[in-house]
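Please open the model in your viewer and keep the selection panel at hand.

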Amino acid sequence: MIEFVRNVRLWFEPQQIRQEGGTPDYRFSLANERTFLAWLRTALALIGGGFAVDQFLPDLRWGWRVGLALALLAAGALCSLRAVNHWVRCERAMRRGADLPVSRFPAVLSLVVAVVAVAMVVVVLVGWEG
Amino acid sequence: MSAGPVAQPVRDPGLQPERTRLAWRRTTLSGTVAAVLAMRTALHGGVSVAGGIVCALCCGLWLGFLALAHRRISALTASGEPSAFAPRQATATVLVTVALAVCGVALVL
């Protein structure tokens with residue numbers, strides 16, 4: 001948690017990153033930037049999915065619909081915050097010449113998406129019967 | 001084979017700047033889809049003052065996202081070695097995305 005707070009400071013202070021280690025090959029930095037953008041697209045897709053659940057499943061019960069939409073929106077926000085955090089950590093690791101950080105986040109996100117997908121199937125089937 | 005001290009910027013055979021530029025384009029497209037869905041949600045079921053305000057807010061967020069992407073794309077297309085992606089830019093992009101999600105929560109509830 002303390003590590004995370006320290007990283008949050010880095011998000012806003014580019015000079016601090018520059019002070020550490022040497023500048024890596026710009027192609028590595030660009031690859032890191034593209035990974036960040038890919039995570040951001042994932043986040044945007046989750047947010048779009050949240051809006052879509054709210055808009056295109058109007059026959060669902062209010063609780064289910066709002067719950068699913070909120071879960072997707074929260075996952076999107078979390079994913080985007082994690083994207084910038086991971087980008088900062090990778091950038092710093094590359095400057096120090098250290099190993100790139102490992103993360104449990106992809107596994108957690110896949111599990112969450114799987115659970116939401118199954119919930120969606122169940123909810124749509126039950127919703128149609130009722 | 002002795003190159004001068006100021007060598008002509010070599011075109012990167014891996015096309016890294018171009019790929020990064022296209023990644024930004026894809027991301028703006030995803031952002032556009034999310035923003036359009038947000039505006040649809042805001043204006044669904046008649047125009048109200050609150051809905052209009054949230055719609056304008058989403059529109060502004062989308063424009064902000066476009067502006068950020070445009071700045072970065074211009075930096076990438078400039079000749080020579082592209083400048084590094086600043087943490088502040090990354091944070092700004094992420095904050096716009098989170099703000100869109102917050103608008104979504106406000107709209108859904």
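This is a predicted model: local features need pLDDT of at least 70, side-chain atom pairs count only at pLDDT 80 or more; totals for chains, interfaces and linings use all residues.

Residues are numbered from 1 along each chain as written, chains are lettered from A in the order in which they are written, and side-chain values use heavy atoms, without hydrogens and water.

**Helix α4(A).** Select residues 62–96 of chain A, helix α4 (helices are DSSP runs of H or I with at least four residues, strands runs of E with at least two, numbered from the N terminus). The 35 residues of α4(A) reach 51 Å from first to last C-alpha, close to the 51 Å expected at 1.5 Å a residue (1.5 Å times one less than the number of residues). A:Gly97 follows, with a positive phi near 75°.

**A:Ser80.** Within α4 of chain A, select A:Ser80. A:Ser80 is buried, at a relative accessible area of 0% (buried is under 20%, exposed over 50%, partly exposed in between, with a 1.4 Å probe and protein chains only). Beyond neighbours within four places in sequence, its contacts (heavy atoms within 4.5 Å) are A:Leu40, A:Ala43, B:Val94, B:Thr97 and B:Val98.

**Annotated spans.** Select residues 47–69 and 90–108 of chain B, listed by UniProt in an unreviewed entry as "transmembrane region"; positions follow the numbering used here, feature names are shortened, and annotations may be inferred rather than shown by experiment. Residues 47–69 of chain B are 91% helix and 0% strand, with end C-alpha atoms 31 Å apart. Residues 90–108 of chain B are 100% helix and 0% strand, and their end C-alpha atoms lie 27 Å apart.
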